[in-house]
Structure formats: C-alpha cells, structure tokens
Amino acid sequence: MGNKLKAVVVGAVLGVAGAAFAQGTPTTPAAPKADAKAAVKAAAGKAVATAGKTEVTWWGHAAFVVKTPGGATIAIDPWLTNPKAPQGATWPEAVDAILVSHGHFDHVGETKALAQKTNAKVYGSFELVNLLGLPEAQGVGANAGGTFTVKDATIHLVEAVHSSSYQADPKSASQYAGAPLGFVIEIANGPTLYHAGDTGAFQSMGLIAEQFKPTVAMLPIGGHFTMDPPQAAVAAKLLKVKTVVPMHYGTFPALAGTPDALTTELKKTRATTKVLALEPGKATPL
C-alpha cells in the first residue's frame with residue numbers, strides 16, 4: 001500500500017472525513033475511558049456467560065470476545081478502538097487467550113496492551129507472534145494445523161487466503177508476518193465457532209466443514225480486501241453452517257457489503273443458513 005493510501009487509512013481511523021481502507025498501517029491505541037458508565041462496563045467488560053451458554057460480543061470490524069460455559073474468555077483480532085467499537089466501553093478485565101489472524105493493524109489492534117493487562121496467551125502465526133515482542137511465556141507462535149486447549153475450548157488454527165505484514169509503528173518498515181490464519185473453536189457442551197479472519201472463499205472450507213463441523217461462522221462480508229456477500233454465501237454453503245455472523249463490513253467506505261445483502265445472496269442459493277447480525281458491545285448467547 002502506498003504512502004498516500006496509508007495516510008487515507010489513518011485519517012479515517014482518526015475520524016477525519018474521506019474514504020479509507022483497513023489494511024497495513026498501525027494506529028496508536030486509545031486507552032479505554034476511565035469514566036465509562038457502569039452500564040456500559042457491565043455490557044462490554046464484565047459480562048458473565050449465561051449458565052450453560054456460550055456468549056459472543058462483537059466489538060465491530062473483526063474483533064470478538066467469546067465467553068464459554070467453562071469460564072474461558074477468548075479475544076479474537078482485538079482492535080478494540082475501531083470506529084464501530086462500543087463507545088466508552090472498558091476492555092475485558094480477564095482474558096485467557098488472544099487469537100490474532102494476521103499482522104494487519106486492524107486485526108492486531110490492541111493485542112499487546114490487552115496481553116499485558118490480562119496476562120493472556122497470544123496465539124497466531126509463528127512469525128507474527130515473534131514480531132509482537134511478547135514475553136516468552138505469553139507468545140504461542142504456531143501455524144495452520146496447530147491445536148490448543150484453553151479450559152473448555154479447543155482451538156484449531158486453519159488456513160485463510162489473504163496477505164499478512166506487520167508494522168510496529170507507522171514509521172517502521174512492514175515486515176513479513178507469516179501466513180494468515182482462521183480459527184475453529186470447539187466448545188465443550190456448546191457450539192463450534194469458525195472465525196475466518198480476513199479471507200476470500202476457498203475450496204478447503206469444505207474440508208473445515210468435514211473435519212470440524214462448525215455451527216456458527218464469523219465471515220467477512222465487506223468486500224475489497226475480503227469476501228463480499230455473494231462470496232460469503234458460497235463460503236457458508238461450503239462450511240454447511242447453521243448461522244453466519246457477518247464481520248469486517250461498514251468500518252470504512254470500501255467495506256460496502258451488508259448483512260441484508262448476505263441474506264439476499266443466501267436466499268438465492270436456497271440455503272437454510274441464518275444471518276445473525278450482532279450489535280457492537282452487546283453480549284449474545286449462542
């Protein structure tokens with residue numbers, strides 16, 4: 001991405017008018033507001049999973065916090081200061097694992113700060129985890145095919161079709177950050193979730209369906225850098241999932257896909273898959 005386009009991205013993240021694209025350049029994390037209202041804290045930072053249920057909270061873009069019945073809290077692609085994030089919300093106070101799909105700033109987000117705050121382990125590609133400069137005990141660098149257990153959650157690293165580079169700050173050069181990843185999270189006595197990361201549709205999604213049988217897929221639908229709604233409908237068919245949670249849309253003008261468009265595309269294929277569009281900051285039981 002050229003310097004001019006990078007400047008446009010940073011401008012959008014800072015709230016400056018104009019088009020923007022969500023790739024390649026890190027932003028300075030904004031600290032959570034100290035005076036956030038108690039109601040917002042309860043909704044976004046202190047929610048306890050409903051007994052016997054898995055809860056998912058979308059923070060906008062590709063960022064999620066998953067709470068399992070067995071007490072695991074898993075943050076995925078935690079760009080917690082993205083333009084769609086719940087305003088004034090405090091970060092999760094306890095996190096067991098942070099999953100980072102690839103090195104672009106809009107997915108690494110506040111990974112390092114959140115890991116320092118919670119002492120969570122960070123799972124991602126070997127190269128990316130090394131670049132993050134985490135303490136050895138917290139960085140778990142791996143690759144597609146790796147499997148890890150976090151309380152009642154079994155996490156499988158799977159492939160994604162995208163690029164991956166990382167910049168420690170806007171003034172530094174981009175560095176190769178390993179292969180991009182998706183994540184399958186099998187929850188004991190709960191659903192099996194698939195977070196696709198940034199990707200286009202690919203034939204091996206059928207293998208993910210065969211091997212892990214996910215029931216809920218978090219799929220990017222914005223287009224431009226990832227799948228758009230027609231491609232996401234193809235992905236849902238390959239995955240054979242019951243529910244799609246749309247992500248990576250609406251953050252910037254270029255990410256123009258919508259949940260309604262995805263619903264329309266799924267109807268064209270006569271799929272029974274349902275679209276579950278989440279509200280940022282609201283914990284949703286699955």
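Is Val-122 buried or exposed, going by its relative accessible area? Here are my notes, starting with that residue.

1. **Ground rules.** This is a predicted model, where local features need pLDDT of at least 70, side-chain atom pairs count only at pLDDT 80 or more, and totals for chains, interfaces and linings use all residues. Numbering runs from 1 along each chain as its sequence is written, and side-chain values use heavy atoms, with hydrogens and water left out.

2. **Val-122.** The answer to the opening question is buried, because its relative accessible area is 0%; buried means under 20% relative accessible area, exposed over 50%, and partly exposed in between, with a 1.4 Å probe and protein chains only. You'll find Val-122 in strand E5. Helices here are DSSP runs of H or I with at least four residues, strands are runs of E with at least two, and both are numbered from the N terminus. Leaving aside neighbours within four places in sequence, Val-122 is in contact with residues including Ile-98, Val-100, Ala-115, Leu-132 and Val-140. Contact means heavy atoms within 4.5 Å.

3. **The cores.** The largest nonpolar core has 49 residues, and those with the most contacts inside it are Phe-64, Ile-74, Ile-185, Tyr-194 and Leu-219. Apart from it there is another core, of 22 residues, with Ala-63, Trp-91, Ile-98 and Leu-132 among them. For the term itself: a nonpolar core is a set of buried Ala, Val, Leu, Ile, Met, Phe, Trp, Tyr and Cys residues joined through side-chain atoms within 4.5 Å. As background, nonpolar side chains tend to be buried together in soluble globular proteins.

4. **Aromatic pairs.** How many aromatic pairs does a search of the whole structure find? It finds four. Rings of Phe, Tyr and Trp (its six-membered ring) pair if their centres lie within 6.5 Å; planes under 30 degrees apart count as stacked, over 60 as edge-to-face and the rest as tilted. Trp-58 and Tyr-249 are a stacked pair, because their ring centres are 5.6 Å apart and their planes are at 20 degrees. Trp-58 is in strand E1 (residues 55-58) and Tyr-249 is in the loop between strand E14 (243-247) and helix H8 (259-268), so this pair ties together parts that are 191 residues apart in sequence. Both Trp-58 and Tyr-249 are buried.

5. The rings of Tyr-123 and Phe-148 are tilted, because their centres are 5.1 Å apart and their planes at 55 degrees. Tyr-123 belongs to strand E5 (residues 121-125) and Phe-148 to strand E7 (residues 147-150), so the pair ties together parts 25 residues apart in sequence. Tyr-123 counts as buried, at 6% relative accessibility, whereas Phe-148 is partly exposed, with a relative accessible area of 21%. Ring pairs also link Trp-79, Phe-105 and Phe-252 into a cluster.

6. **H6 against H7.** The axes of helix H6 (residues 205-212) and H7 come within 7 Å and cross at roughly 35 degrees. Axes are lines fitted to C-alpha atoms, for helices over the stretch in contact, and angles run from 0 to 180 degrees between N-to-C directions. From H6, the contact uses Met-205, Gly-206, Ile-208 and Ala-209, and from H7 it uses Ala-235, Leu-238 and Leu-239. Those residues divide into six nonpolar, one polar and no charged. Here Ala, Val, Leu, Ile, Met, Phe, Trp, Tyr, Cys and Pro count as nonpolar, Asp, Glu, Lys and Arg as charged, and the others, Gly among them, as polar.

7. **Ala-233.** This residue is also in helix H7 (residues 229-239), and at 2% relative accessibility Ala-233 counts as buried. Beyond its neighbours within four places in sequence, Ala-233 is in contact with Leu-262, Glu-265 and Leu-266. The C-alpha atoms of Ala-233 and Thr-269 are separated by 7.8 Å, with the two residues 36 apart along the chain.

8. **Positive phi.** Most residues other than glycine have a negative phi. Asn-119 has a positive phi, near 65 degrees, and lies in the loop between helix H4 (111-118) and E5. His-248 has a positive phi of about 55 degrees, and lies in the loop between E14 and H8. Asn-119 is exposed, with a relative accessible area of 56%, whereas His-248 counts as buried at 0% relative accessibility.
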